[in-house]
Amino acid sequence: MSSPLSLADIRINYSLKVLTPEAVAHSPLEQFNTWMQEALSAKADEATAMTLSTADAQGKPSARVVLLKEVTAQGFVFYTNYESRKGNQLAQNPYAALTFFWPVLERQVRIEGTVQRVDGETSDTYFQSRPRGSQIGAWSSPQSQPIADRNVLEELEKENTRKFADQDPLPRPPHWGGYVVVPERVEFWQGRPNRLHDRLVYEPNAEGSWSLQRLAP
């Protein structure tokens, strides 16, 4: 029987690509869209998945993986239950961090910024573009709340399936909708050999544009 592999011995020497200030866009949103398209073209697993980190009023952090649904001129959009744990934390402390990791490209993107709800019309449009089962699910899940067992969810799903049987499209639940993370700092990370990674960070400058700096790994 082989001995278990030590976590400390797991190493990958990154060497696929390079990242230089001369090669990136002036805007972090434009640069992000370029990298996202490259991740999609490379068939990165769950390319739109991102770790969303929030904190409550006391600064206690919480993180989970959600899906990016749109990049607008304002920022990065995702959708969720406003009454969930993340929703409650964002009501207390409207600031968040996003992290994307695409191992196939040896890349990360780290985003920090303020968070706002998107307007109701935008949330309605996205909600009604979802599969009907997902719409029913949004009505049926008291997200982040304790429940006795899975049967509670299944009964709520059946109840809402009956309730909305004659409605198409379904109305959006008032407790569900979108948020946009408005970036104040965006870092692009490219893996390089010997842990001497390339890191470029965008931050707002006094002229209302973006400054770009290289960071040590």
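Asp 119 caps the N-terminal end of helix H3, with a side-chain oxygen 3.1 Å from the backbone nitrogen of Glu 121. Do keep in mind that this is a predicted model, where local features need pLDDT of at least 70, side-chain atom pairs count only at pLDDT 80 or more, and totals for chains, interfaces and linings use all residues. Residues are numbered from 1 along each chain as its sequence is written, and side-chain values use heavy atoms, leaving out hydrogens and water. Helices (H or I, at least four residues) and strands (E, at least two) are DSSP runs, numbered from the N terminus.

**The two sides of H3**

- In H3 (residues 120-129), Ser 123, Tyr 126 and Phe 127 are the buried residues (under 20% relative accessible area, 1.4 Å probe, protein chains only).
- These residues sit on the same side of H3 because they cover an arc of only 100° around the axis, taken from the directions from the helix axis to the C-beta atoms.
- Glu 121, Thr 125 and Ser 129 are exposed (over 50%) on the face turned away from the buried side.
- The cover over the buried residues of H3 includes strand E4 (76-81), helix H4 (132-140) and strand E7 (176-190).

Key:
Contact means heavy atoms within 4.5 Å. A polar contact is a pair of N or O atoms within 3.5 Å; within protein, one must be able to donate a hydrogen and the other to accept it, and residues adjacent in sequence count only if both atoms are side-chain atoms.
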